[in-house]
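This briefing is meant for a reader who is meeting the structure for the first time.

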Amino acid sequence: MRIAETYQAPFVERSGFDADLTLEERGIVEAVHRFSREVLRPLGRKLDRMSAADVAAPGSPLFGAYVEFAKLGIDPLMLDSMAPDAASRLECLIMEEIGWGDGGLGVSLAVAAFPLQVAHASGKKELVELATGRIGCWPITQPDHGSDFVDTLNRERQQHVKTSPGNLSAKFSKDEIVINGQTSAWVSNGPVAQIASLCCPADFGDGIVRADGVRNMAVMIVPLDLKGVSRGMPLEKMGQNALPQGEIFFDNVRIPRRWAVAEEASGAAGFLSILAMAGVFMSQCFTGVARAAFELALDYAHERKQGGELLIRHQLVRWRIGEMYKKVEAARAMTRRASLYLRAAPAPHPNVSSMSKAFVTQAAFEVASEAVQILGGAGLTKEYEAEKLFRDARTALIEDGENYFLTLRLGTVLSDLYDQGWTRN
Ligand SMILES: Cc1cc2nc3c(=O)[nH]c(=O)nc-3n(C[C@H](O)[C@H](O)[C@H](O)COP(=O)(O)OP(=O)(O)OC[C@H]3O[C@@H](n4cnc5c(N)ncnc54)[C@H](O)[C@@H]3O)c2cc1C
């Protein structure tokens with residue numbers, strides 16, 4: 001053990017009780033924090049008060065976020081060339097700052113890069129060229145399929161229920177893929193995206209639903225300026241209003257088969273690998289939202305005098321601040337663990353990432369809710385950020401797989417591991 005010579009306040013970084021940040025990491029955190037404070041936060045606030053149609057309209061200030069973010073020079077592909085532990089920690093530090101700036105914009109910036117990341121992972125140069133410099137999206141859900149989309153093997157469906165083929169599918173022939181149908185209204189960046197990493201049921205010649213009731217899946221890179229693509233109205237919603245969302249319609253959209261990234265036997269695994277990446281991004285981003293809510297409450301408690309006394313002088317308020325911070329640090333720790341697993345485990349796993357996503361977004365929601373409470377009446381007003389953070393965090397409980405459903409999937413996977421011998425020796 002080590003014995004300290006004097007008692008003093010604990011060493012702390014902007015990213016909390018990080019004991020061993022390098023100078024380089026600290027420099028990057030500060031640069032991204034400045035960007036988040038000066039660009040993302042004011043922009044997120046502005047977009048939050050605009051209509052969904054205006055957020056997605058040409059000339060919207062939203063597009064400034066992509067331009068300014070690009071200037072930071074953060075390249076997710078550069079992270080892939082680093083050792084997994086260094087890459088995952090740096091990515092967590094960066095995305096926490098982005099989420100601290102604005103949760104909705106954090107999601108938008110992360111999803112915008114999905115097609116390029118998927119293209120790179122496929123090793124197909126043509127797809128990398130197609131996706132470079134374009135705003136991306138990730139359509140997976142459909143009007144008839146929401147949470148169940150993450151349950152590719154139908155483990156949670158009651159056995160007597162027949163799988164619905166859904167509202168969007170891709171028909172594969174020797175050299176071509178024809179896509180027909182529509183996504184749900186929830187596709188992040190849907191109204192503004194120029195390219196999609198589309199995951200949908202597919203017919204490889206034997207129909208969409210296999211004899212065992214499981215649907216065939218494919219992952220494809222699809223430019224969204226092709227003939228037959230159209231969009232629905234941008235969606236008005238409760239939170240993350242800086243994130244434009246809406247349906248995408250496909251009417252006989254034709255792409256070459258070589259634009260498929262995962263198909264036939266590997267289709268579902270390809271989709272679930274992207275889901276694993278998405279769950280980690282959500283965790284990183286909403287750790288930042290939780291921290292933003294904590295910092296706001298901490299600030300306010302040191303400013304607000306009520307009955308002649310600062311809030312922070314009340315013992316119970318300090319206890320509540322302590323409770324909030326425990327959740328921020330727990331969210332951060334869970335996120336870093338899932339991020340490292342994504343990069344270093346023998347294979348990515350969606351349920352490890354979604355365990356973290358469900359935990360972190362719940363923590364962010366609880367911290368944001370307590371921030372509203374600590375601000376009292378002021379927490380309910382638009383003058384303070386608390387009500388927006390609360391709405392943004394609340395929205396995340398359903399985003400990217402609804403949290404109860406994700407936790408149900410985790411329980412099933414743990415039970416499967418038990419059946420295979422885990423914990424039984
Ligand atoms: C901010 C945001 C961003 C999003 N971004 C995207 C995106 O980029 N691309 C995309 O395609 N989609 C996106 N979505 C859609 C999102 O993934 C779905 O909304 C989510 O998976 C939930 O699906 P649903 O809304 O259809 O709810 P449902 O699946 O209908 O669930 C409704 C309720 O039923 C419960 N339930 C469902 N099935 C079961 C079961 N078997 N057992 C017990 N309970 C069950 C759930 O727990 C839930 O409480 C986004 C959503 C949000 C809110």
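A polar contact is a pair of N or O atoms within 3.5 Å, and for W186 a backbone N or O atom lies 3.1 Å from a nitrogen atom of the ligand. The model is a predicted one, and the points below should be read with that in mind.

**Where the ligand lies**
- Domain 2 (135-266) and domain 3 (270-418) both contribute residues to the shell around the ligand, so the ligand lies between them.
- Helix 13 (residues 403-419) supplies the largest share of that shell, namely 3 residues.

**What surrounds the ligand**
- There are 21 residues around the ligand, and those that come nearest are I140, T141, S147, S188 and E402.
- A backbone N or O atom of W138 is found 3.0 Å from a nitrogen atom of the ligand, while for G401 a backbone N or O atom lies 3.5 Å from an oxygen atom of the ligand.
- Of the 980 Å² of accessible area that the ligand has on its own, the protein covers 68%.

**Backbone angles**
- Most residues other than glycine have a negative phi.
- N154, in the loop between strand 1 (136-137) and strand 2 (168-172), has a positive phi near 60 degrees, and its relative accessible area of 14% is under 20%, so N154 counts as buried.
- E264, in the loop between strand 8 (260-262) and helix 9 (267-303), has a positive phi of about 45 degrees although it is not a glycine, and E264 is partly exposed, with a relative accessible area of 45%.

Conventions: Residues are numbered from 1 along each chain as its sequence is written. This is a predicted model: local features need pLDDT of at least 70, side-chain atom pairs count only at pLDDT 80 or more; totals for chains, interfaces and linings use all residues. Side-chain values use heavy atoms; hydrogens and water are left out. A residue is near a molecule or strand if one of its heavy atoms lies within 4 Å of it. A polar contact is a pair of N or O atoms within 3.5 Å; within protein, one must be able to donate a hydrogen and the other to accept it, and residues adjacent in sequence count only if both atoms are side-chain atoms. Accessible areas come from the Shrake-Rupley method with a 1.4 Å probe; for residues, only the protein chains shown count as cover. Helices (H or I, at least four residues) and strands (E, at least two) are DSSP runs, numbered from the N terminus. Domain bounds come from an automatic or database domain assignment. Buried means under 20% relative accessible area, exposed over 50%, partly exposed in between (1.4 Å probe, protein chains only).
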